[in-house]
Structures are given as C-alpha cells and as structure tokens.
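Visitor: I would like to learn how to read a strand and its surroundings in a model. Could you take me through one?

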Amino acid sequence: MGDHEHRHSAGSPFATGDSGAKPARSVTALVADDEPAIRDLLNTVLAGMGVDRIDNAQNGLEACELCRDNEYDIVFLDVSMPVLSGLDAYRRIREIRPSMRIVFITGLYQDEELVEKIGGERTCGYIKKPFNIADIRAIVSRVARQSDNT
C-alpha cells in the first residue's frame, strides 16, 4: 500500500459530536475492484468524506488477505473479479471477520439476487455500476452511524 491520505472534516459523517469540535474518529476502508477507474473513483469519494485510510485490492484473493491482516470499517467488494470472485471473497471474509461491514459493487445483480447468491445473508448494501455518488455517500454515512452505535 502506498501513502494514504489523512483528512478530517467537521462535515464528515465520521465527525464526533454535533459541533464538529472534536476530531473525527479514524475510519478505514478497503476498495476491492479489478477496474482501476472504479477504485480511483471510490478512493476520491471516500477521501472527500474524511476516510483516513483507504486500501485497495485488485481481486478477491487480495481482498481476503487484506481483511485477514487489517480491520476495516467498510469494505467495498466488486462481485465479479478475477482470481477469486467477490461472492467467494465475501464468504472467506465472513469466516475471518464475521462482523465486517461489506458493500457489494455490481453491474450484474439486484439486491434480491445478491441475497440469494450469498445464501440469504444481508450485507450493508450494494452499489450499482454506473455509480451514483449520492448513493455511495449515503451507504458510507449509514455504516458510520452503525459503527458509532456498536
């Protein structure tokens, strides 16, 4: 992993307290997608939201290895990747870290189809390609609120 951007923003969904006077808590994310443009877009959006560390994986196997070695607040996992699919990576990550918050990236499936493919389990959501930036922000904000309540 290269250098990671460190940004804190009072307007970030990760800021603590209503006034924004307290520092934002450290938030980490993993973006796993075989398309560099998708990784770049998600990295830009997440960094703009105040995510402190963003790691990247090009395939499902790399994602599993990173999840084994690191705790993430949120993992974006492309469904269709080489070496190990996102669905297979999801199953392995669940064995390693059962409570990890995973959001699928897909151009293929609707929510109901994803739930069926992963054996009925619910994830933290999914985002469809092409992306709607507002959807990404909404999911990340929801996950941040869930993190704050645990």
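Guide: Gladly. In a regular strand, side chains alternate between the two faces of the sheet. Here Ile-74, Phe-76 and Asp-78 point one way from β3, Val-75 and Leu-77 point the other way, and all are buried. Buried means under 20% relative accessible area, exposed over 50% and partly exposed in between, with a 1.4 Å probe and protein chains only. Strands (E, at least two residues) and helices (H or I, at least four) are DSSP runs numbered from the N terminus. This is a predicted model, in which local features need pLDDT of at least 70 and side-chain atom pairs count only at pLDDT 80 or more, while totals for chains, interfaces and linings use all residues. Residues are numbered from 1 along each chain as its sequence is written, and side-chain values use heavy atoms, leaving out hydrogens and water.

Visitor: Why is strand β3 described as largely enclosed by the rest of the structure?

Guide: Five of the five residues of β3 (residues 74-78) are buried, so the strand is largely enclosed by the rest of the structure.

Visitor: Which strands pair with β3, and in what sense?

Guide: Two strands pair if DSSP finds at least two bridges between them. Strand β1 (residues 28-32) pairs with β3 in the parallel sense over four bridges, and Val-75 in β3 is the bridge partner of Leu-30. Strand β4 (residues 102-106) also pairs with β3 in the parallel sense, over four bridges; there, Val-103 of β4 stands opposite Phe-76.

Visitor: What handedness does the unit of β3, α3 and β4 have?

Guide: A crossover is right-handed if, with the strands pointing away from the viewer, the path from the first strand over the helix to the second runs clockwise. β3, helix α3 (residues 86-96) and β4 make a right-handed β-α-β unit. Along the sequence, the chain follows the pattern β-α-β-α-β-α-β-α-β-α, with five helices and five strands.

Visitor: Which residues of helix α1 are buried?

Guide: In α1 (residues 36-48), the buried residues are Ile-38, Arg-39, Leu-42, Asn-43, Val-45, Leu-46 and Ala-47. Just after α1, Gly-50 takes a positive phi of about 95°.

Visitor: What pLDDT does the chain average?

Guide: pLDDT is the predictor's confidence in each residue, from 0 to 100. The chain averages 76, and 68% of the residues score at least 70. Over residues 1-24 the pLDDT is below 50. Where pLDDT is low, the predicted coordinates should not be read in detail.

How values were computed: Contact = heavy atoms within 4.5 Å. Expected span 1.5 Å × (residues − 1).
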